[in-house]
Amino acid sequence: MQEQWSQRADAAEGAVVARHVRRLWGLPGTALAVVAWPPVRRERLYFRWHYWWQAHLLDCAVDAADREPTAKRRRRLAKIARAHRVRNISGWTNNYYDDMAWLGLALERAQRMHAVDNRGGIQALEMELFDAWMPDSGGGIPWRKGDSFFNTPANGPASILLARSGRLWRAQAMADWIDATLRDPDTGLIFDGIRASGARGTTQMGGGDVDRAVYSYCQGVVLGIETELAVRLGAPRHRERVHALVAAVDTHLCRDGVVVGSGGGDGGLFDGILARYLALVATMLPGDTDEDDGARALAANIVLRSAEAAWENRLEVEDHPLFGASWETQARLPGPGHTVATFTGGTVRSSVVPERDLSVQLSGWMLMEAAYTVSSAGYR
């Protein structure tokens, strides 16, 4: 099984590289992904490039280099990081804390595991996230600079980065804030975020207005930080939170063990992120109790069943897989006449056929790499 998942991950990598990855504006020593296939002109020219999608391109490229280290893969890591810095124009940072956290995680992994040195960028991103902590205002860190919305998609990846960089006290405080503020007492799932004042679609809770939307990647990043803290600090509450959240994901976000789809646009990345951190639980969660064993096994099972479904429902187009936005249903072939993704209100909305979006294909690649990781640990 390990060899099979390696081959499938390799095919997913090859599909993204062949369809999407190009030099940025023809500059040597750069590689960045066109955000759709088939692309329209503004996408081919990188007028649309979506900072956080490219961060996950880098993270997936790190996965591939971990699976089978080659000089070509290491060079690609350096090219993607360089292109990201160039295309961002103003430096490594931007106004969105969730974006910066994702890039920081990818750069840190590339440096730690493959000696792709961007320590200046990592430090700049880390300090932006560290300094954004606002407990006196109800946070957490906000979604973006100057905003009053404190959400899981910013605090989750930021706390993982801070834990990995040794700022464990802050990472633990952020994890405890998420658990106290955004965990649904009925389902055990993690809500999206909390606003400083009432807004449409929110519910009053704990002195703020909680946005009760549930997204799969919010569960993923909380599994990630709680596992990291369980490894580094050993406090039982972190393992116990992982046990409960893995079970809640299986109960509420899966059908027959397969993660239910989240669509395209930004949502195209959500399920892949969940799979990444379920694989982290399966391979890194410490402890030898029945609850620890059960959480690890259930996390691995969700990854492998989801990956099998995604692979069975893929299309093969020009000898490369095309993954569906919903892993449990047949993928659809996008065409040049379909309406393309749009950026509004800080969010990328899906193309009419979501398989067109880079985010969906990165999620499929991420899932295949996660399946390889858990199969390498002996899960079937």
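Guide: Helices (H or I, at least four residues) and strands (E, at least two residues) are DSSP runs, numbered from the N terminus. This is a predicted model: local features need pLDDT of at least 70, side-chain atom pairs count only at pLDDT 80 or more, and totals for chains, interfaces and linings use all residues. Residues are numbered from 1 along each chain as its sequence is written, and side-chain values use heavy atoms, with hydrogens and water left out.

Visitor: Where is the place of P38?
Guide: Most peptide bonds are trans. The bond that joins W37 and P38 is cis, with omega about -5°. P38 has its place in the loop between strand 2 (32-33) and helix 2 (41-44).

Visitor: What is omega for the peptide bond from G139 to G140?
Guide: G140 belongs to the loop between helix 6 (119-131) and strand 3 (149-151). The bond leading from G139 to G140 is cis, and its omega is near 0°.

Visitor: Does A115 count as buried or exposed?
Guide: A115 is in the loop between helix 5 (97-114) and helix 6. Buried means under 20% relative accessible area, exposed over 50%, and partly exposed in between (1.4 Å probe, protein chains only). The relative accessibility of A115 is 66%, so A115 counts as exposed.

Visitor: What is the phi of D319?
Guide: D319 is found in the loop between strand 9 and strand 10 (320-322), and its relative accessible area of 72% makes D319 exposed. Most residues other than glycine have a negative phi. D319 is not a glycine, yet its phi is positive, about 65°.

Visitor: Which residues of the largest nonpolar core touch the most other members?
Guide: A nonpolar core is a set of buried Ala, Val, Leu, Ile, Met, Phe, Trp, Tyr and Cys residues joined through side-chain atoms within 4.5 Å. The largest such core has 117 residues, and those touching the most other members are W102, I141, I273 and M368.

Visitor: Which helix gives the most to this core?
Guide: In soluble globular proteins, nonpolar side chains tend to be buried together. The helix that gives the most here, with 11 residues, spans residues 51-67 and is helix 3.

Visitor: Does R164 count as buried or exposed?
Guide: R164 is part of helix 7 (residues 152-164). Residues up to four places away in sequence aside, R164 touches L105, E108, R109, R112, E228, R232, Y277 and L280 (contact means heavy atoms within 4.5 Å). Because its relative accessibility is 18%, R164 counts as buried.

Visitor: How are helix 1 and helix 12 oriented to each other?
Guide: Axes are lines fitted to C-alpha atoms, for helices over the stretch in contact, and angles run from 0 to 180 degrees between N-to-C directions. Helix 1 (residues 2-20) packs against helix 12 (residues 290-312) at an angle of about 55°, with the axes 12 Å apart. Angles under 35 degrees count as roughly parallel, over 145 as roughly antiparallel, 65 to 115 as roughly perpendicular and the rest as oblique. Helix 1 and helix 12 are therefore oblique.

Visitor: Which residues in helix 12 do W5, R8 and A11 in helix 1 meet?
Guide: These three residues of helix 1 meet four in helix 12, namely L304, A307, E308 and W311.

Visitor: How far apart are the C-alpha atoms of L315 and Q330?
Guide: L315 lies in strand 9 (residues 315-317). Beyond its neighbours within four places in sequence, its contacts include Q330 and L333. L315 and Q330 are 15 residues apart along the chain, and their C-alpha atoms are separated by 7.7 Å.
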